[in-house]
Amino acid sequence: MRTTSEPIALARMSRAKVGMASLIFMESAFFAAFLVTYLYYIGKSTSGPQPIECLDRGPVLFNSACLIASSFTVVLAVRALARGAIGLFRVWLLVTVLLGFEFLAGTAIEWSGLVTAKGLTIQSNAFGTTYYSLVGFHAFHVIVGLLMLVGILVLSMFGCIDPRRDHARVDVATWYWHFVDVVWIFVFLLVYVVGRVPQGGGL
Amino acid sequence: MSADKPNHKRLRSRVPRAADNAVGVRQKLSVDTAQSRIPPGVTTEIGTLRALFEHRSGSGLSSEIFSVRDRSTLPIWTAVFVAATLSVATPTGHALSFAHEVSAYMPVEHEVAQQEAVASPAEAGRAIGELDARLGGQMEICSSDVPPVSGAGVTNIFSPNSPPAREIRDLSYLVFAICIAIFVIVQGFLAVAIVRGVKAARAAKLEAARNPTAARREPVQVYGSVPIEIAWTVIPVIIVFVLSMVTIRTIRDLDLTAPPKGALEVSVIGHQWWWEFRYIAEDGTVVTTANEMHVPTGRPIWLRLESADVIHSFWVPRLAGKKDLIPGHMNTMWFNAEQVGLYLGQCAEYCGTQHAHMLLRVYADAPADFAAWLDAQAMPAIEDPTTTVGRKVFSEYACLNCHAIAGTSSGMFGPNLTHLASRDTIGSGYIELTRANLRQWIADPQVLKPGCNMPSLQLSDTELDAVTDYLMTLK
Amino acid sequence: MTSITGHKQGSPVQPGGFWEAVARWTLSVDHKKLGMMYIGAGLVFFLIGGLEAAFMRLQLARAENTIIDPETFNQLFTMHGTTMVFLVGMPVLLGFGNFLIPLMIGARDMAFPRLNAFGFWLFIFGGALLYFSYIGSEGLYGAPGAPDVGWFAYAPLTSRTFSRGNSTDYWILGIMVSGFGSMTTAINFIATIFCMRCPGMKFMRMPMIAWMMLVVAGLVLVAVPVLTAAQTMLLLDRSLGAHFFDPETEGSAILWQHLFWFFGHPEVYILILPAFGFVSEILPVFSRKVIFGYALMVAATVGIGFIALGVWAHHMFVVGMGPELDAFFGASTFLISVPTGIKIFNWLGTMWGGRLRFATPMLFVTGFVAMFVIGGLTGIMLATVPMDWQLSDSYFVVGHFHYVLFGGTVFGIFAAIFYWFPKATGRMLDERLGKWCFWLLFIGFTLTFMPMHISGVLGMPRRIYTYEADRGFEIWNLISSIGVPVQMAGVLIFLWNVVRSLRKGEVAGDDPWDAWTLEWSTTSPPPEWNFDRIPTCTSARPLWDRKHPEDPDAHYE
């Protein structure tokens, strides 16, 4: 008789990690639908403001740099937490949150410029429709991520974050932030690089 | 049939029954008997024939099946089975059961019935033509725009009369054969497994009663078999490959990207809930008509499908498969009607409230008849001096906002009425065009077709009569 | 009849007043209670959806019938389809997943019990929101009423122009909310199956249901967000004047169809895979044989999951996608019949040489196999693109998918209810009533749905509120309608059976079917913590190994 009838203890995976990975997978499908829709409508707008007239890459590059930098700062924060350096953790987390707010503020400024100066609204044309919905839903996710990070920051201010106990949890929460960043790279490439075609260009 | 009093019940219960196989015949019959132009000796025969047609079309196939059962005392399931087989598998199925009925009700016309029993729909039409001749030519069966017979099984996909529909039918036979073979094999194995399994369970029970210690013994556990599992993976793959190949071949044959040579091009525009057809006549004028499409036989027809509002689908099963009419996306399809006749269909994509009554009528005419029809449609509307009052009503009320009559109005939201009276139906193939029906329709379309986009204009009785008379002159 | 822990058996009714009972259920985060509530709520919606169908069949029993006006009829089929897919199929199957997964993999609860309860209440709220439209909304013509745009809500019929009032908004929001519920449940399934298996429960030892639910959860995570995204776009169109699906201003009506069916087709597999799981658990037990070809079965399940993501446009052959795409999606659809066929053959292989015992669950499972074969074969016909040009949107399609979803999923659900009812409540359902239920449902089902294939072939389009008398549709529609009261009788007998058995049913004991998976090793009903000691697993049939120590499955792994 073989000994396989002896039960094997399974290497336990973290529920939180699997759950967060599933959530990110699901959100990716959601964004994929919006990205594909954006791609589908590139160059289809025959009237109204066009991407090439509206989208100014300069400020967006700066905002993007902030958002991507925030991914690194959050890593530094988690590392600090792993070492037990709670003060450093708070600093890096604060920097992350500020960078995130900068990104949101940048988006808000860009949008108000688009609406007032260029007259581009969600009703203008297919470009307006897809642009505001895609960038808007990304911004919405940035807000959700920021709420998470701010929540952690506030908790740590009140001393509720214990490095040993909560390190893994905080780590998992930051996954979401990384995801929001990665999605932005796709959005940026699609909207500000691929999608900035002359009128009627299309793919 | 009194000509003027609208009878709601009669109207609801129908008129596009005229869409019947013997469409032309029945209409003419009713008119002729009403006008009593028939020699006295044959009136009763016509009356019987009419009653028969009424009866038949009144309750459709069910009446045929039940009458077959009643007369031949077949058990009902046999009758249903026979009727199913006939009506699905053979285009002459309807003619056959119809013949039964004829022979039962009309011994006088027995020979005609016998002829029909063996005949194709076209031959049945000829038989009716002979009957007509014996009745003194009063039936006036063949005219250019009312074809003699449309064939039975009016929308059966298995009675094709056009190359695309026929090729699909032939492919269907192959796929059916494969599927039935798979069905028989799988269900056969299932049946055998059940019988064997139940027997084994019974045997085990007996064994357990005799030998309690063996009670817990289970049958031999088979965990799987690599060769068997490979077999029932690979065989389906082969079948799937074969199916894909024949499918792709048929797609290539039928899904043309350019019109076939010598095709007649017709624009089809779907509206909630009616059809608009546009032709270009010889002299370049655009002919616009609605709901009843005329095409010449023996010539490919290339349809450009568009929609004015939501998605519709053009489906005339005996001519070709369906294709959607999508706003902002032009589709094309083709067919080639081989026989003179009326081909029925209807919108096949849910398009709102009256989706059910977006019926389609395609009249395949002999080429010369078609040319004459197109010429007539290209003419401006007739201006009959006796109907100026009705014309005035038409242009003073909101009618003209939606309906075009060449020379009078140019509305685009409703069907073009320039040659309304040349059509057989109103309400998108739903209601037979008679004076009474038309008057009722104009009085309140919502009664006949609830939810349709045409409002009641609250005309007075005299206005109604005037505008109806006017429209009835628009041949 | 007490187990070693002294847990009282045989009665699901626990002491306490009415409000205590309400609180115990509504505040519960116990996966078993949530699962049962999912199933119970799903069955309530099943009755509502069935009633809607009955009204439709009443109207269609005769040609030119005028019992139901067109607006009402259009609401009926929209609500019937939406209800059956989103408020019956999904919750009942996810409910079974909830109830069974932890028990079958030897866990104490789901990975995220509170998220689980959240998902359930989202589903209830979504369903209530959808049905609130009957009183709270206005339809196409300004009259109050439910959504009437069809369950796949093709643009541009859903635009403000053609769908006035806000019934369509109710449809969007109701489905979206219950969709969020489904997504949280899917996350929970995945985390539970990955992280909560008992010692020894390797992936290739998991019960087939766990595999099916894992694939279903994956499909939910890919497909449902796409629907949510599409509905978000539609909502933006309707409320903010965006132009996603508005052909008047550069929008595309076809894009909606792509997005919807990218969800819609995987959805079909979401609805059928759990039923495959039920069959794969029940059939072996009542054949007294191990499942034939476990590994191939798992491979076929995963294969179906992947191919299911690449077949969506076979719902769109009449859209005019062009020969290349038609050919691609036709071929990919044929391909999915291969793993599906493997499953059927493996079930036959399991029955072959077994000792069959036709208790009610086995009857339903056998009915499932027989009926699903028919649904699968008509599916092959519809995948033959040119045949689809004729049959698409006809009653043939209606017949086809009812063979899959009623003959398949619903029969599977009934099998599962009869099979696991004793585990959930501690009491057996009555066998005699169960057999009546099966035969009435089977006969009624065949009467109703078989003739639909014929009326489709005769040229009857779906979703018409009445039809012409002269087309030969009438007799087939009449037979279809005659089947309805037969099915209703079956369902009523089932309900009576449940009510009666809950109070007076035979006490089940831990393992009434002499089965082999872990849920039968605990008490019936199980304690809130499921297992007194976390069980261990030595093979794919842990209880077989315990019952047959002389010849355990572990030898054959």
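Modeller: Before we look at any residue, note that buried means under 20% relative accessible area, exposed over 50%, and partly exposed in between; the model we are reading is a predicted one.

Colleague: With those cut-offs, is C:Phe438 buried or exposed?

Modeller: C:Phe438 has a relative accessibility of 3% and therefore counts as buried, whereas C:Trp439, with a relative accessible area of 43%, is partly exposed.

Colleague: How is a pair of aromatic rings described?

Modeller: One gives the distance of the centres and the angle of the planes. Over all chains the count comes to 85 aromatic pairs, and one of them joins B:Phe158 and B:Phe176, a tilted pair with 5.8 Å from centre to centre and 40 degrees between the planes. B:Phe158 lies in the loop between helix 7 (121-134) and helix 8 of chain B, while B:Phe176 lies in helix 8 of chain B, so the pair ties together parts that are 18 residues apart in sequence. The rings of C:Phe438 and C:Trp439, in turn, have centres 4.9 Å apart and planes at 75 degrees, which means that the pair is edge-to-face.

Colleague: Where is C:Met201 placed in chain C, and is C:Met201 buried or exposed?

Modeller: C:Met201 sits in the loop between helix 5 (167-195) and helix 6 (208-240) of chain C, and with a relative accessible area of 1% C:Met201 is buried. From C-alpha to C-alpha, C:Met201 and C:Thr536 are 7.4 Å apart in space, although 335 residues apart in sequence.

Colleague: Which residues form a positive surface patch?

Modeller: B:Lys199, B:Arg202, B:Lys205 and C:Arg357 form such a patch; B:Lys199 belongs to helix 8 (residues 163-210) of chain B and, at 56% relative accessibility, counts as exposed.

Key: Residues numbered from 1 in each chain as written. Chains lettered and ligands numbered in written order. Predicted model: local features only at pLDDT ≥ 70, side-chain atom pairs only at ≥ 80, totals over all residues. Heavy atoms only, no water. Patch = residues over 30% accessible without salt bridge, like charges linked within 9 Å, V, L, I, M, F, W, Y side chains within 5 Å. Areas by Shrake-Rupley, 256 points an atom, 1.4 Å probe, with all protein chains shown as cover. Salt bridge = Lys/Arg side-chain N within 4 Å of Asp/Glu carboxyl O. Lys, Arg positive; Asp, Glu negative; His and termini not counted. Charge placed at Lys NZ, Arg CZ, Asp CG, Glu CD. Helix = DSSP H or I, 4+ residues; strand = E, 2+ residues; numbered from the N terminus. Buried < 20%, exposed > 50% of the residue type's maximum accessible area, 1.4 Å probe, protein only. Phe/Tyr/Trp six-rings, centres within 6.5 Å; stacked < 30°, edge-to-face > 60°.
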